[in-house]
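Biologist: I have a model on my screen and a few things I'd like to ask about. Could you walk me through it?

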Amino acid sequence: MKDATRIFKRHEGGPLLHIKDFPGKAQIYNPAPVQVGDETVLLVSVVEHAATHGFGRDVGQTRVARSKDGINFELSEKNFIDTQAVGEPWERYHHFIDNRVTKIDDWYYIITPVMVNGYDAPVGMLGRTQDFVSYERIEIITQPKNRGASLFPEKINGKYYKLDRPGGGDGGDGDIWISASPDLVHWGEFKPVLAAGYRFWNVQKIGPTPPIKTEHGWLDIIHGVFTPAGGTYYYIGAMLLDLDEPWKVIGKTNSYLLMPEEPWEQHGNCDNTVFPCGAIADYDQDRIRLYYGACDFAICLATGSLSETVDACLKGL
């Protein structure tokens with residue numbers, strides 16, 4: 001391989017879910033994937049034309065999609081995430097989209113970057129579930145602006161860790177940081193990890209997803225944003241972090257894994273966008289299933305070799 005752009009292959013059938021198949025929906029996008037037993041679960045970001053929850057354009061909700069084969073999904077009509085509280089400040093939180101899901105022990109922990117009516121946002125709201133039927137809100141665990149905070153799936157040297165994405169929005173850059181916690185609620189030890197702009201496809205912003213453990217390091221699927229003369233593009237790449245000192249980048253793809261190429265990735269509500277909120281590692285098949293949003297109109301799937309993706313990071317392809 002001379003670059004990483006051919007590791008992943010798109011599902012031959014095109015999008016798994018598309019807005020045209022869901023009357024009443026204005027947007028369907030940015031899934032957070034997780035394997036639950038023999039079932040693949042996606043937390044899908046949804047905006048309805050007649051949405052009644054939220055403020056202005058920020059009226060997104062999270063719906064659960066389930067599949068036995070990882071291809072054919074049934075999307076629920078029921079909202080899954082809420083603050084489960086009334087009064088200040090909880091009534092201000094809204095727009096429950098772009099989740100990141102991490103399994104830790106017997107729980108699936110979810111960080112949702114929520115908006116805050118009247119205040120700078122988003123902030124990361126931590127919740128959890130065991131069945132993707134009931135949801136338990138825990139606490140707000142980031143300051144604004146922080147979009148895309150993602151938990152590691154196990155403690156490292158006795159501490160929980162999460163990747164953060166402070167900044168971004170209003171023309172500002174967005175970089176990847178890391179923080180540590182004794183209990184998933186109180187966070188500190190903030191350190192920079194990877195700055196936007198190390199290659200053309202991530203000049204404006206870069207952001208993380210929940211890390212995947214491999215023998216060589218923590219593999220993290222990332223997004224990058226580039227705005228050339230023709231408009232903004234969202235790309236997908238990867239980085240590799242040290243297993244014991246996860247703030248250390250030991251490899252990354254200099255090329256992208258995916259860019260907007262198919263018609264449904266180039267035209268929609270948000271043109272030229274492929275956006276990941278996580279991936280599923282099928283270790284026994286040396287495979288990564290990368291579910292991603294396309295143009296805020298569709299949910300798509302690309303699959304690639306886990307070992308080849310790690311090798312691409314280590315070689316800087």
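Biologist: Phe152 and Tyr161: are they buried or exposed?

Modeller: Keep in mind that this is a predicted model. Buried here takes under 20% relative accessible area. Both residues, Phe152 and Tyr161, come out as buried.

Biologist: How many aromatic pairs are there by your rule, and what kind is the one between Phe152 and Tyr161?

Modeller: The count comes to 16 aromatic pairs. For Phe152 and Tyr161, the ring centres are 6.4 Å apart and the planes sit at 75 degrees. Planes over 60 degrees apart count as edge-to-face, so the pair of Phe152 and Tyr161 is edge-to-face.

Biologist: And what do you call the pair of Trp201 and Tyr235?

Modeller: Their ring centres are 6.5 Å apart, with the planes at 50 degrees. That angle falls between the 30 and 60 degree cut-offs, so the pair of Trp201 and Tyr235 is tilted.

Biologist: How many residues apart in sequence are the parts that this pair, Trp201 and Tyr235, ties together?

Modeller: Trp201 is in the loop between β17 (188–194) and β18 (205–207), while Tyr235 belongs to strand β21 (residues 233–241). Trp201 is buried, and Tyr235 is too. Because of where they lie, the pair ties together parts that are 34 residues apart in sequence.

Biologist: Which residues form one aromatic cluster with Trp201 and Tyr235?

Modeller: Trp201 and Tyr235 are both members of one aromatic cluster.

Biologist: Let's go to charges over rings. Which ring does the charged end of Lys162 sit over, and how far from its centre?

Modeller: There are a couple of these to look at. The charged end of Lys103 sits over the ring of Tyr108, 5.7 Å from the ring centre. For the charged end of Lys162, the ring is that of Trp187, and the distance from its centre is 4.7 Å.

Biologist: Now the largest nonpolar core. Which strand supplies the largest share of it?

Modeller: The largest nonpolar core has 27 residues, and those with the most contacts inside it are Leu43, Phe80, Val101, Ile110, Met125 and Phe132. At least two core residues each come from β3 (25–36), β4 (39–48), β9 (107–116) and β10 (123–129). The largest share, 5 residues, comes from β9.

Biologist: What does Leu43 touch, leaving out residues up to four places away in sequence?

Modeller: Contact here means heavy atoms within 4.5 Å. On that basis Leu43 touches Thr62, Arg63, Val64, Asn99 and the run of Asn30, Pro31 and Ala32, among others. The list also includes Phe80, Val101, Ile110 and Phe132.

Biologist: How many residues does the second, separate core have?

Modeller: Among its members are Ile212, Leu257, Leu258 and Leu290. The residue count for this second core is 26.

Biologist: Why does Met115 count as buried?

Modeller: Met115 sits in strand β9. Leaving out residues up to four places away in sequence, it touches Asp58, Arg92, Tyr93, His94, His95, Ala121, Pro122 and Arg147. Met115 counts as buried because its relative accessibility is 16%.

Biologist: Last one: what is omega for the cis peptide bond from Glu88 to Pro89?

Modeller: Pro89 lies in the loop between β6 (74–75) and β7 (93–94). Another cis bond runs from Pro144 to Lys145, with omega near -15 degrees. For the bond from Glu88 to Pro89, omega is near -5 degrees.

Key: Residues are numbered from 1 along each chain as its sequence is written. This is a predicted model: local features need pLDDT of at least 70, side-chain atom pairs count only at pLDDT 80 or more; totals for chains, interfaces and linings use all residues. Side-chain values use heavy atoms; hydrogens and water are left out. A nonpolar core is a set of buried Ala, Val, Leu, Ile, Met, Phe, Trp, Tyr and Cys residues joined through side-chain atoms within 4.5 Å. Buried means under 20% relative accessible area, exposed over 50%, partly exposed in between (1.4 Å probe, protein chains only). Helices (H or I, at least four residues) and strands (E, at least two) are DSSP runs, numbered from the N terminus. Rings of Phe, Tyr and Trp (its six-membered ring) pair if their centres lie within 6.5 Å; planes under 30 degrees apart count as stacked, over 60 as edge-to-face and the rest as tilted. A charge sits over a ring if NZ of Lys or CZ of Arg is within 6 Å of the ring centre and within 35 degrees of the ring normal.
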